[in-house]
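Take a look at it first, then read on.

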Amino acid sequence: QVQLVESGGGLVQAGGSLRLSCATSGRIFSTNAMGWSRQAPEKQRESVAHITSDASTAYADSVKGRFTISRDNAGNTVYLQMNSLKSEDTAVYYCYADIKADSGLYSRRYWGQGTQVTVSS
């Protein structure tokens with residue numbers, strides 16, 4: 001069983017910063033890509049940031065220059081540093097990880113439970 005546990009969400013004023021963390025645990029042979037998505041009320045979930053196993057990154061246009069994704073050397077934890085937060089960043093943030101449970105070819109995407117980020121204007 002694989003688990004992803006997020007932390008670091010909360011309430012912050014516009015212009016402030018938050019750092020989200022997402023730790024993986026359980027039966028893990030290897031972790032490939034990891035990332036973050038978010039879902040605001042009455043909106044579809046959108047991809048925010050993505051990082052590959054060799055640390056290549058990609059960002060949504062709306063967060064470029066403000067958010068930074070990173071992962072620890074062991075590849076078990078992914079972070080999202082969020083600076084210059086705006087009210088439109090308010091959403092539930094979900095982390096994900098593409099994990100192989102054994103030495104086979106295929107990985108599966110696992111999701112965290114979500115953490116609320118609220119930015120007050």
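E42 sits in the loop between β4 and β5 (strands are DSSP E runs of at least two residues, numbered from the N terminus). This is a predicted model, where local features need pLDDT of at least 70, side-chain atom pairs count only at pLDDT 80 or more, and totals for chains, interfaces and linings use all residues. Residues are numbered from 1 along each chain as its sequence is written, and side-chain values use heavy atoms, with hydrogens and water left out.

Most residues other than glycine have a negative phi. E42 has a positive one, and S84, in the loop between β8 and β9, does too. Here "exposed" is over 50% relative accessible area, "buried" under 20% and "partly exposed" in between, with a 1.4 Å probe and protein chains only.

| Residue | Phi | Relative accessibility |
|---|---|---|
| E42 | about 65° | 88%, exposed |
| S84 | near 50° | 40%, partly exposed |

Now the sheet: it's open, with four antiparallel strands in the order β1-β3-β8-β7. Strands pair if DSSP finds at least two bridges between them. β1 (2–7) and β7 (67–71) are at the edges with a single partner strand each, so one side of each has no neighbour in the sheet. β1 and β3 (residues 18–26) are joined by six bridges, and E6 has C22 as its bridge partner in β3.

Finally, the largest nonpolar core has 27 residues, with W36, L80, M82 and Y93 making the most contacts inside it. β9 gives the largest share, five residues.

Technical notes. A nonpolar core is a set of buried Ala, Val, Leu, Ile, Met, Phe, Trp, Tyr and Cys residues joined through side-chain atoms within 4.5 Å.
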